[in-house]
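Here are a few friendly notes to read alongside the model. Please keep the two chains in view as you go.

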Amino acid sequence: MMFRHIFKYRLKCLLRDWENLFWTALFPILLASFFFMSLSNLTKNEQFNPINIAVVDNGQYRNNKSFMLALDSASKGDERLFNLSVTSQEQAEQMLKDDEIYGYIIAEEPIKLIVKNLGINQSIIKSFLDIYIQTESAAESILAENLSAMQSLLADINSRKSFVNDVPISKVAPDATTIFYYTVIAMACFYGGYLGLREVSDIQANISSVAARVNMAPVHKMKAFLSSAAAALLLHFCEVLILLAYLIFILKVDFGTRTIYVLLTAFVGSVMGLSFGTLISALVKKGEGVKIAIFTCFTMLCSFLSGMMNQGVKYKVDTELPLLSWMNPVNKLTDSFYCLHYYDTLSKYALNMAAITGFALIYCLATYLIIRRRKYASI
Amino acid sequence: MQVFKLCMQIIRKNIPVMLIYVILTAVVTALMVSDIDKEYQKEISFTPAKRSIAFISEDNSLLIDGFREALGQIVNFVELDETQLQDALYFREVTYIVRVPAGFTEEFMKGADVKIDKSTVPNSVSNTYIDLFINQYFNTARLYIKNIDGISQELLVQYLKEDLSKTSNAEVKSTTGKKVTYPTYSNNYFNFFAYTLISVIILGMSMLMIVFNDRNLKMRNSCAPVIPGSINLQFILANLFFTFASWAILVVMSFIFNYKNSLNAYTVYFIISSFIYSFCCASISFLIGNLIKSQNAVYAVCNTIGLGSSFISGVFVPQELLSGSILKIASFTPAYWYVKANNAIAKLTQFDYRHLQPIFSDLMIVAGFGLAFFAVALAIGKRKNYIEN
């Protein structure tokens with residue numbers, strides 16, 4: 001009976017704590033939305049804008065009919081590669097200086113490209129020129145062998161084909177953006193720690209006045225703690241489920257087909273986050289502000305190391321500091337989601353889940369050892 | 001100056017907690033920026049650094065041997081078992097796996113439509129180079145096969161080797177004649193500044209708010225013989241002082257992290273633009289502090305605004321990669337104009353008025369935002385006082 005009573009009132013208490021609700025429920029959703037806004041363009045095929053270039057109008061250029069033709073055809077039509085201007089050398093230099101063009105071409109032997117700085121557009125111009133030169137060289141060799149091929153050669157040059165076929169390595173393609181969302185979920189699970197922080201503060205009579213009152217009640221401390229922690233866990237798991245639903249149904253993030261496992265991971269992750277919060281709260285004997293600061297920083301650091309801001313960081317840690325990667329609970333949680341999605345077998349997933357469960361057990365046990373049997377004769 | 005002194009005291013008391021946040025943000029920023037910088041150096045070059053790839057061939061022929069040799073010029077091969085492939089791609093041991101299917105050469109020599117399979121790490125610029133190379137190799141080969149009847153594989157490979165070794169001559173030339181090194185590190189650092197600074201200022205602001213918004217303290221303060229205008233002014237002064245102190249610390253940090261490439265004209269302009277932006281941050285935090293009562297709510301709202309505007313205005317993801325509609329929304333935030341100005345500074349080759357003018361107009365917009373927020377904050381503060389009285 002007592003369990004039900006505490007559970008019910010604790011849940012009511014937590015539901016009225018707007019700040020915690022914001023950080024644990026709304027903030028991850030906002031973060032995921034920001035990711036969505038800034039990443040949505042990365043995977044889509046961007047509309048290509050023609051690159052402004054110039055070619056120096058000298059005798060060599062005018063004599064090189066095939067090059068003129070190639071440049072001309074690349075600068076025509078709706079899907080053109082370049083916006084071409086034919087100018088004098090001085091004018092081309094001036095245009096480059098004024099950022100009107102990315103580079104200009106001088107039709108020497110070999111063809112020369114002048115640019116002001118390096119970038120993707122400059123590389124495209126260079127690749128275009130390389131392809132032209134190489135194709136021209138091939139055409140010369142072919143005509144030396146077989147002069148009658150002139151007509152068919154031109155047609156063949158203009159019908160370039162793609163020779164690569166994209167085959168995903170697993171059932172689903174490793175999508176660079178999904179891992180961002182996985183870190184958001186992992187972080188959201190871990191943010192359950194804010195609830196955990198509060199649970200322990202509200203059970204230690206020397207920290208808060210609510211706790212002092214609770215300790216007066218004729219209920220075993222562990223029972224009181226477990227009932228209120230159960231309420232916090234229920235609330236937190238619901239929040240994570242809402243986030244999952246938001247990601248899956250509104251942002252259309254692909255979590256693969258193993259829904260049950262995704263839910264299981266989210267649940268174990270919630271337990272881990274919550275228990276980490278209780279541990280920090282039990283360990284740090286300072287005020288609420290310091291506890292929150294330490295917890296926030298730790299979570300930030302873990303999320304950063306598991307690639308929330310930049311995936312390069314995750315891969316560097318995974319490959320160069322594997323121990324750190326295994327000791328980072330947020331990273332293991334991210335990996336669990338990713339493994340479910342990416343690998344055909346479940347062995348990698350099981351390994352990651354074992355790590356998370358281990359973390360959760362350690363946190364729970366440590367919290368228990370710290371807060372048990374603490375009595376207060378006088379406060 | 002009692003109010004100002006009080007603010008300083010509050011800040012001083014909270015230095016340990018703030019240091020935790022400031023150091024963490026600075027370290028994260030520095031790490032991340034240096035990582036981006038390295039990636040950038042690798043990717044943006046006419047001859048990109050050699051990437052590691054796996055090459056699996058189920059077909060054995062002279063053509064494929066020649067292809068592998070040619071490909072070896074631009075990549076490093078890593079020997080992998082079939083079972084290691086998923087892991088290798090996952091941990092980025094390789095970024096590209098080429099798989100030549102059985103019977104490829106035979107079909108290809110007949111002129112049939114065959115393809116090479118690839119599996120890749122997505123969104124990597126260097127993969128485009130490999131795609132381009134493969135396509136160029138086999139497109140050129142196709143020209144020979146179609147136009148020289150019965151060409152042998154041996155001869156074909158020889159021709160291809162000769163053709164593909166020819167390239168255009170590219171030259172990077174600055175307009176002043178000197179070779180310029182662009183300040184990519186400083187550019188990224190100062191772009192991240194937009195996020196770092198606003199988080200730090202929010203922290204300080206929320207610490208002041210918790211004291212000043214205490215009901216009892218507020219009542220005591222309002223019966224002090226100090227006019228509300230003066231209280232407000234001192235509060236703003238303290239706010240600005242704190243802002244510029246944090247700004248100075250972060251600027252000094254940028255020198256520490258990147259002392260080698262910091263002593264140039266770019267840094268001067270980055271410092272100017274970040275100074276103007278920090279003024280804008282102060283006014284945003286002041287406005288929010290005026291609108292919202294509880295300290296934690298201030299922190300929540302500011303964090304959302306800070307992260308949100310950073311994401312959409314190109315602090316975390318480069319502006320070129322964001323979609324047009326997002327950027328339109330972002331142009332209503334000061335961070336967008338600040339980042340835009342920074343990116344323009346980083347591309348400067350000449351520091352004359354004509355080239356600097358667009359940068360100054362961007363920064364004027366940032367300053368304008370700052371003034372507007374201050375004005376709104378003061379108006380709201382006045383109205384609130386009026387209602388309370």
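1. Buried area is the accessible area, found with a 1.4 Å probe, that two parts lose on being put together, summed over both. For chain B and chain A this area is about 8200 Å², and carbon and sulfur atoms give 61% of it.

2. A word on the source: this is a predicted model, where local features need pLDDT of at least 70, side-chain atom pairs count only at pLDDT 80 or more, and totals for chains, interfaces and linings use all residues. Residues are numbered from 1 along each chain as its sequence is written, chains are lettered from A, and side-chain values use heavy atoms, leaving out hydrogens and water.

3. How many residues of chain B are in contact with chain A? Counting heavy atoms within 4.5 Å as contact, 83 residues of chain B touch 91 residues of chain A.

4. Now look for salt bridges (a side-chain nitrogen of Lys or Arg within 4 Å of a carboxyl oxygen of Asp or Glu). Between chain B and chain A the count is zero. On the side of chain B that touches chain A, helix 6 (residues 125-147) gives the most, with 14 residues; helices here are DSSP runs of H or I with at least four residues, and strands are runs of E with at least two.

5. Pairing asks for at least two DSSP bridges. Find Val164(A), which stands opposite Ile116(B).
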